[in-house]
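Have a look at the model first, then read on.

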Amino acid sequence: MRRDETGGDDRASLDRLRAVWILWRMTTLATRALGSGGLRVSALGLGCVGISELYGPRELDESRAMLRRARELGIDFFDTSDVYGSGHNEEFLGSVLGSDRRNVVLATKFGAVRSSDGRSYRVDGSPRWVRAACDASLTRLGTDVIDLYYQHRVDPETPIEETVGAMARLVEAGKVRFLGLSECSVATLRRAARVHPISVVQSEYSLFSRDVEDALLPACRELGIGFVAYSPLGRGMLTRTDTTPIAPTERDVRAFLPRFHRDNLARNLSLVDALAVRAARHACSPGQLALAWLLAASPDVVPIPGTKRRAHLEQNVAAATVTLRPDDVAALRATIPRDAIAGERYGTDELGRVGI
C-alpha cells in the first residue's frame, strides 16, 4: 500500500476496517434475559412513542423505514402504549411489524387514560379497565397475544392486588404472555409479585436519572425481575443535540419538563460537555457513550432509546460496539454526579406521579 508521510492511507484503511467491524457488530446485536421467567430480547430495544407524538411532528414514511431497519440490525423488542398517539402508535407498529410478528416482542401498556381534549391524563387500574384496554390493544396491534403487558402507572384508587389479579387472568386466557409494572415503588412491586409473577419493571434510567439504583433495581434483582430503562439518553439531552430551550408551541413534551427549562438546561448541558470530552477518547458520540455506560454498568438491564429516524437508530445501535472497562464506568459516574443534575425529571401532571 502506498503511504504518504503522515500515514494517511493507513489511517483511512483502519477507518474503513473499523466501519466494517462496527457494521458487523451492529447486525449481530446480543440478547439479554429479562428476569428469570424466560423472556429474552435484544440487548437494545426501541421506544416508539416519538413515532406518534411528544417529540415534534410525525414522519411516518421515515418511521416505517426506521422500524424495518431496526429489525435488520437485530432489534426485536418494541415498546409502545395505548396512550401514545391515542392508539395510533399501536396501530402503526401492528401495520409495520405484523408480517414479522413471530420474531418480535411487543410490549404495550395500559392505565394512562387521556382526557377528551388530550391535554391531561387520569390513571385507571380497575379490573374492568384492564380487560377493556387489553382487548382494544390486541385489535390495534393486529395480534392475538401481547408479549409483555405493563401497567403504565399505578392507580392509587385501586389496590395493586386487584389490578394484577385482572392482568393474571389475561395470561390465563392466553391474551398476554408476561406482566410488567412501570414506575412503581418497591413496596408495590413486592405486593404485586405475591399475586402473579412480575417479569419486568420499567422506569427511567440513564446517567441523568440514577435513583432506581438505590432500591428499585436491587429489589428487581432480588426477585428475579427484569428491568427496562426508558429515556436512557435523557430524552435526547445526553446526545448534546438539544442546546436551546424548546418552545411550548413546538409539540415537544420537553418544553414542559423541568430539566429542559432555560436555567436548568444550561447547567445540564455543561455536564454533557464533560461527557463529550470522554466520548472523544472512545471515538464515539456522547449519546453512544451514555448508552454504552448503561449497557456496561447494568448487564441485566435493557435500554429502549427512542427515535423515529434511521440515522439516529443506527447511531444508538452502534453504542453496543463501544467497550467500557469497570474504571470507565466509574469515571462516567463521577463525570455526571447525581447531585449536579438540575431539575426534576417530570412536572406535576398525572404521568409525572411516579413511585406509588
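A salt bridge here is a side-chain nitrogen of Lys or Arg within 4 Å of a carboxyl oxygen of Asp or Glu. The model is a predicted one, in which local features need pLDDT of at least 70, side-chain atom pairs count only at pLDDT 80 or more, and totals for chains, interfaces and linings use all residues. Residues are numbered from 1 along each chain as its sequence is written, and side-chain values use heavy atoms, with hydrogens and water left out.

**Charged pairs**

Side chains of opposite charge can pair when their charged atoms come close. By the rule above, the count comes to 25 salt bridges. Three of them are set out here.

| Pair | Closest N to O |
|---|---|
| Arg140 and Glu90 | 2.6 Å |
| Glu161 and Arg191 | 2.8 Å |

Arg140 and Glu90 link distant parts of the chain: Arg140 belongs to helix H5 (residues 127–141) and Glu90 to helix H4 (residues 88–97), 50 residues apart. How accessible are the partners? Residues are called buried under 20% relative accessible area, exposed over 50% and partly exposed in between (1.4 Å probe, protein chains only). Glu90 is buried, at 0%, whereas Arg140 is partly exposed, at 23%.

The pair of Glu161 and Arg191 also links distant parts of the chain, from helix H6 (residues 160–172) to helix H7 (residues 186–195), 30 residues apart. Glu161 is partly exposed at 32%, and Arg191 is partly exposed at 32%.

Asp61 and Arg64 both sit in helix H3, 3 residues apart, about one turn of the helix. Asp61 is exposed, at 62% relative accessibility, while Arg64 is partly exposed, at 27%.

**Two helices side by side**

Helix H3 (residues 60–72) also meets helix H11 (residues 310–318): their axes come within 9 Å and cross at roughly 25°. The axes are lines fitted to C-alpha atoms over the stretch in contact, with angles from 0 to 180 degrees between N-to-C directions. Angles under 35 degrees count as roughly parallel, over 145 as roughly antiparallel, 65 to 115 as roughly perpendicular and the rest as oblique, so H3 and H11 are roughly parallel.

Which residues make the contact (heavy atoms within 4.5 Å)? H3 supplies Glu62, Ala65, Met66, Arg69 and Ala70, and H11 supplies Arg310, Leu313 and Glu314.

Notes:
Helices (H or I, at least four residues) and strands (E, at least two) are DSSP runs, numbered from the N terminus. Contact means heavy atoms within 4.5 Å.
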